[in-house]
Amino acid sequence: MKSRLKELRAREGYNQTQLAKLAKVSRQTISLIEREEYMPSLLIAVRIARIFNEPVEHVFQFAEEEL
């Protein structure tokens with residue numbers, strides 16, 4: 001799964017700690033998602049998408065072979 005998290009976070013001026021607090025997750029979770037080492041739950045994905053006022057599918061994308 002690809003993520004635009006780092007790009008969106010930079011656009012809004014959030015550091016990982018700030019975004020983590022808003023999303024109610026740890027900073028480590030944000031870091032793992034950005035490095036594509038962790039796939040967030042649907043709940044976390046929706047929280048993150050709402051922070052950026054983006055649809056979930058604009059923040060997280062699956063490669064065709066992952067589906």
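**Notebook: helix 2 and its surroundings**

I began with the pair of helices 2 and 3, which are roughly perpendicular to each other (angles of 65 to 115 degrees count as such). Their axes come within 8 Å and cross at roughly 105°, the axes being lines fitted to C-alpha atoms over the stretch in contact, with angles from 0 to 180 degrees between N-to-C directions.

I noted that this is a predicted model, in which local features need pLDDT of at least 70 and side-chain atom pairs count only at pLDDT 80 or more, while totals for chains, interfaces and linings use all residues. Residues are numbered from 1 along each chain as its sequence is written, and side-chain values use heavy atoms, with hydrogens and water left out.

I then looked up the contact (heavy atoms within 4.5 Å) and found that Gln-16, Thr-17, Leu-19 and Ala-20 of helix 2 meet Arg-27, Ile-30, Ser-31 and Glu-34 of helix 3. These residues divide into three nonpolar, three polar and two charged, with Ala, Val, Leu, Ile, Met, Phe, Trp, Tyr, Cys and Pro counted as nonpolar, Asp, Glu, Lys and Arg as charged, and the others as polar.

Which residues of helix 2 are buried? I found Gln-16, Leu-19, Ala-20 and Ala-23 (buried is under 20% relative accessible area, with a 1.4 Å probe and protein chains only). They cover an arc of only 100° around the axis, so they lie on the same side of helix 2; the arc is taken from the directions from the helix axis to the C-beta atoms. Their cover includes helix 1, helix 3 and helix 4.

Last, I checked Arg-9 in helix 1, which counts as buried at 12% relative accessibility.

Key:
Buried means under 20% relative accessible area, exposed over 50%, partly exposed in between (1.4 Å probe, protein chains only). Helices (H or I, at least four residues) and strands (E, at least two) are DSSP runs, numbered from the N terminus. Angles under 35 degrees count as roughly parallel, over 145 as roughly antiparallel, 65 to 115 as roughly perpendicular and the rest as oblique.
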